[in-house]
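Let's take a walk through this protein together. Keep the sequence and the 3D view open side by side as you read.

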Amino acid sequence: MTPVNPPPLDRTSPPQRTTPLPEGVRVRVLHAVYGDPRAAAELVPLLTERQSAGLDPLPTEPAELAPALLRAHRAEIRALPDDTRLLLLLAAADQYPVATHAFLRAVTAARLDTRPLEAAESAGLAHAGPGGVVFRDAWTRIAAYESGSPADRRDVHRLLARVLSGEGETPRRSWHRGAGALGPSARLAAELRTAADQARISGQLALSRTLLERAATLCPDPLTQSHLRTRAATDAWHAGDADRARRLAATGTSDDALAGLFALRAGNAMEAFDGLVAGAVRRVEALRSGVGPGVGAGSWRNGSAVTADSVRGALGADAAPPVVLPAGTAPAHRIPNPEAAHLLARATEAAIYTGDLRRCRDAVRVSGRLGVAPPGVLGGLAAAVDGRYEDARRLLVETAGRCGPGDDPTLLVHAGIAALMLGDHTRASTATVRAAASARARGATATVVQALEFRAYADFWTGRPHAGAATATDALRQAHATGQDNGACHLQAALAMFAAVTGDEAGCRDRAATARSYALARGLGLPAALAQWALAFLDLADGRFAAASARLRALAGFGPGHGHRAIRHLATPHYVEAAVRTGDTRVARAAHADYHGWATAVRSPDDLALSARCRALLAPGAEAVEHYREALDLHAGGTRDFERARTELLFGGALRRLRRRTEARDRLHSALEAFDCFGAPHCAAQARAELRALGTPATPTRTDDPTGRLTAQQHVIARMAADGATNREIAARLALSPRTIDHHLRGVFSRLGIRSRIELVRLLGAGEDPA
């Protein structure tokens, strides 16, 4: 078949924008128009200023996205014979907006003649394939559906419903029954709601959202209709369709939890905590009162009011005003309420993202009053904030241990965060890989991004900056596509750190500036602090010690929304190094004392090694040698090979100044080889400078890091393949064809000199089970 280009649009081209769209909006525009550049060119000038800035959701209906392009396609469809249009309508209804794969069965059941499809093939609009009809593009399929009369559309939906009788086909059958309805029907609305629950359980959140939307359209009760839209908004958000979620939420019942989730991932995170905790309170109240959550999570009938005063009641009189529970509701026993626990876990994430970790104590107090066990890292963080490091370790160890395959993705993300806090980077990597896999299996696309955000930390600490950058780059694309701008900001900060390690000064400064500008406007203390640390590390690696010390000292003074206690703590070894080089050690000694207290409590070999390195830096002359030896012994039991190399670099420099030339040379050569392997040229330059000061030439080291031979695109694809994704899954995530992915992987294998995915897994060090 020879493709035929569609006719030109039937109106003059709109004026082009002079200001480029933010990256997140640009990605979502392309996603909304099915990647069609003609539709994107039509949509962009139609956006309002707030939509263009990412403040309001984009249009979601085809007629709003590309009206002129759709009219042109409809004209092509209407030029076809009636029998051809009917077959195309049947095929389109079978594929849009829900793929049901029942076209061939419907043709057989109705004894339809498929020869009229030849006219569509001759026109270049569609052709018959082994599984049914293949349309030229998504807009042709939409036009084929919308060109049908309402009566014809109802008829084809009823036909498709009749043939969908197999096991597991109930949700799709209910969809067609609902789409074929003449008008409002409480019975059909209830059937669609039940079908949505089945779809959600099987990990088909996009289908669940579609079913709930149709149920709301058919429901005769306005209040229930509003509840259904709120539940549909929740499913849309978790499925990664942020624009539809926000539009549905605006037409549904007011829901603190959903608003809190939006704020956590795409708004002002400082406001998220209150909404999420208030949502948890509502759920427990609904369960206690016997009212129940109406038609789904996030929905309550009248009589379940939760106010700011009632949340303060949950916290107690001595608490800050943020959250709420009615007086006199302190539980006598724990009530199982997984939804409330989940929302408290999200509230914990809000505290983590903003850096206001003190609010974890508020959440613990609320969970106690509600009778809900503190979820995830909540209890550990609250204990750490109070300085109860042993209690914090016990709680975090318990949380980090919950990383079995197939578990709830949110719990797995929390297990990864707990493992990171404990310095167990192997377990953190395992937990976050499994979180991403579990989220994909459940259709929770939005949660995949969050899992990959924290996966990047594990890659960084274990000395794999290129692998970490590939993970973060992939996650950044997904964050933009799913409307999670706060997650994208966090990933930009992580990429700034990777750029600092790999010597990309321009990239580091650009990404850090982007991250800090966005973070400070939305109260995101975590990425703001991480970006500041990246700039400080860049200064430290380049020998600008005064600048590094100033940045890290300032980081300690930044409060929630601008800084982060955990990042300040993690950066302590770098701050001590910079402060010692500038001769200002008073504050550095106090910072090290707190760092050592935490390291001793959590018993992480890497943290203890870095504490010993700090003692060596702060010790005079020969006294430092034993501390350096202790640090290297401890590093041997850890996983932070990059920091081990930095310890060898510092030790080699100290030995050179003590005129212990032979051992200094050995340590510096070892550090240089490691930095070349990691792809950290700035640190390698420091090692070479120390060797020159010794009067010893820097002998050639192994600079042939195999992954350094890959392009950025190849590295992203190689990482996904090593994590267990199929070519088709990689293609879907990168908006490329499976054939293109196959071509890239052949190039990866050729450049790396390997022949199988098993060798790829070994080479990239991704041996964790992704299941």
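The paragraphs below go from the overall make-up to some local details.

Please bear in mind that this is a predicted model. The protein chain holds 42 helices and two strands. Of its 771 residues, 56% are buried. Take the contacts between residues at least 6 apart in sequence: 67% of them join residues at least 24 apart.

Let's start with the strands. Strand β1 covers residues 126-129 and strand β2 covers residues 132-135; they run antiparallel and are joined by four bridges. A hairpin of two residues leads from β1 to β2.

Now for some backbone geometry in the loops. Most residues other than glycine have a negative phi, and most peptide bonds are trans. With that in mind, look at the loop between α6 (82-95) and α7 (103-110), where Pro97 lies. The peptide bond from Tyr96 to Pro97 is cis, with omega near 0°. His101 lies in the loop between α6 and α7 as well, and it has a positive phi of about 55° although it is not a glycine. With a relative accessible area of 64%, His101 is exposed. Tyr34 is another residue to check: it is not a glycine, yet its phi is positive, at about 60°. You will find Tyr34 in the loop between α1 (23-32) and α2 (37-43). Tyr34 counts as partly exposed, because its relative accessibility of 41% falls between the 20% and 50% cut-offs.

Next, turn to a charged residue in a helix. Glu349 is found in helix α19, which spans residues 338-354. Is Glu349 buried or exposed? Its relative accessibility is 1%, so Glu349 counts as buried. Who are its neighbours? Leaving aside residues up to four places away in sequence, Glu349 touches Leu264, Thr410, His414 and Gln450.

The aromatic side chains come next. There are 10 aromatic pairs in the model. One of them brings together Tyr389 and Trp598 in an edge-to-face arrangement, with 5.1 Å from centre to centre and 90° between the planes. This pair links distant parts of the chain: Tyr389 belongs to helix α22 (residues 389-400), Trp598 belongs to helix α33 (residues 586-602), and the two are 209 residues apart. Tyr389 has a relative accessible area of 14%, so it is buried. Trp598, at 6% relative accessibility, counts as buried too. Elsewhere, Phe537, Phe642, Phe675 and Phe678 form one aromatic cluster.

The model has two cavities of 30 Å³ or more. How much space lies in the largest cavity? About 80 Å³. Its lining is made up of Ala456, Tyr457, Phe460, Trp461, Ala494, Met497, Phe498, Leu530 and Trp533. The elements that give two or more residues to this lining are α25 (445-461), α27 (485-501) and α29 (525-541). Among these, α25 supplies the largest share of the lining, with four residues.

Terms used:
Residues are numbered from 1 along each chain as its sequence is written. This is a predicted model: local features need pLDDT of at least 70, side-chain atom pairs count only at pLDDT 80 or more; totals for chains, interfaces and linings use all residues. Side-chain values use heavy atoms; hydrogens and water are left out. Two strands pair if DSSP finds at least two bridges between them. Rings of Phe, Tyr and Trp (its six-membered ring) pair if their centres lie within 6.5 Å; planes under 30 degrees apart count as stacked, over 60 as edge-to-face and the rest as tilted. Buried means under 20% relative accessible area, exposed over 50%, partly exposed in between (1.4 Å probe, protein chains only). On a 1 Å grid over the protein atoms alone, a cavity is a set of points where a 1.4 Å probe fits but cannot get out, and a pocket is an open set with protein on both sides within 12 Å along at least five of seven lines; lining residues have an atom within 4 Å of a point. Grid points are joined across faces, edges and corners, and a volume is the space filled by probe spheres set on the points. Contact means heavy atoms within 4.5 Å.
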